[in-house]
Amino acid sequence: MKVIGITGGVGAGKTQVLHYLQERTECRIIIADQAAHALEEPGGACYEQLVALLGKGVLREDGSIDKFRMAARIFGDKEILASVNAIVHPAVKTYITGVIEEVRKAGKPPYLFIEAALLIEDGYEQLVDELWYIHADAAVRRERLKSDRGYDDEKIDSIMQGQLPEETFYSHCSVVIENSGALEQVYRQIDEKLEEDLCQKQ
C-alpha cells in the first residue's frame with residue numbers, strides 16, 4: 001500500500017482531486033482540517049488545552065467550541081494563533097501517524113491519501129511515500145476563491161502571502177498535478193499516475 005500526501009496552495013483544487021481519487025481508487029482519505037475539528041470536540045485531544053488557552057467564552061451552551069468565536073478570539077493576535085497551532089498541529093500529526101501505522105499494518109486499502117496545507121512545513125515527508133503538488137496559476141486560484149467562497153482581494157492576498165512559494169512545493173513534491181485548466185486534463189494526469197503505479201507493482 002502507498003501513502004500519498006496531497007498539498008498545494010489555497011484554491012488549487014485539492015478537494016476536486018480527492019473526490020476523483022475516491023471514485024477512481026480503493027483508498028482511505030484523511031483531511032487534516034477535518035481531523036483537527038474532531039480533535040477540538042469535547043473529549044478530543046485538543047479540547048481541554050484550547051479551552052484553557054482561549055477561555056470559556058468560546059464555548060457554546062452544549063460545551064463544544066464555537067468555531068466563529070474561536071476565530072474571533074484568535075484574529076489579529078499572532079501570539080495566540082501560534083499557541084493554538086502548537087496545540088492542534090502536533091495532535092493532528094499524532095492522529096495521522098496512528099492511522100498510517102494502522103493502514104500499513106493491515107496492508108490495505110492500496111492507497112492512503114492525506115490532504116493538508118502544511119504537509120511540508122510540518123514534516124510529513126518523513127511519513128508519506130510521495131508528495132503530490134496540486135498546482136494552479138495564482139490568477140486561477142484567485143478567481144476560484146472569489147466565485148466559490150466569496151473572498152475579496154484583501155482576504156485572498158492575506159492568505160496567499162502566508163503560504164509557501166511555488167518553488168518550495170516543486171522542490172519537495174515528486175508529483176505535480178496541473179489544475180489550471182479543464183477538469184478532464186486533471187483527471188487524465190491522475191489516471192496516468194495511477195496506471196504508472198500499477199505497472200510498477202506488476
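Reader: Which residues are linked in a network of salt bridges?

Author: This is a predicted model. Side chains of opposite charge can pair when their charged atoms come close. Here such pairing joins several residues into a network of salt bridges, and its members are Lys2, Glu130, Lys193, Glu196 and Asp197.

Reader: How many salt bridges does a search of the whole structure find?

Author: A pair counts when a side-chain nitrogen of Lys or Arg is within 4 Å of a carboxyl oxygen of Asp or Glu. With the whole structure searched, the number of salt bridges is 16.

Reader: Is Glu40, which forms a salt bridge with Lys67, buried or exposed?

Author: The closest N and O atoms of Lys67 and Glu40 are 4.0 Å apart. Lys67 is in helix 4 and Glu40 in the loop between helix 2 and helix 3, 27 residues apart. Lys67 has a relative accessible area of 25% and is partly exposed. Buried means under 20%; Glu40 has 7% relative accessibility, so Glu40 is buried.

Reader: How many residues apart in sequence are the parts that Arg104 and Asp129 tie together?

Author: The side chains of Arg104 and Asp129 form a salt bridge with an N to O distance of 3.4 Å. Arg104 belongs to helix 5, while Asp129 sits in the loop between strand 3 and strand 4, so the parts tied together are separated in sequence by 25 residues.

Reader: Which helix holds Asp157, the salt-bridge partner of Arg142?

Author: Arg142 and Asp157 meet at 2.7 Å, N to O. Asp157 is partly exposed at 30% relative accessible area, and Arg142 is partly exposed at 22%. Arg142 lies in helix 6, and 15 residues away Asp157 lies in helix 7.

Conventions
Residues numbered from 1 in each chain as written. Predicted model: local features only at pLDDT ≥ 70, side-chain atom pairs only at ≥ 80, totals over all residues. Heavy atoms only, no water. Helix = DSSP H or I, 4+ residues; strand = E, 2+ residues; numbered from the N terminus. Buried < 20%, exposed > 50% of the residue type's maximum accessible area, 1.4 Å probe, protein only.
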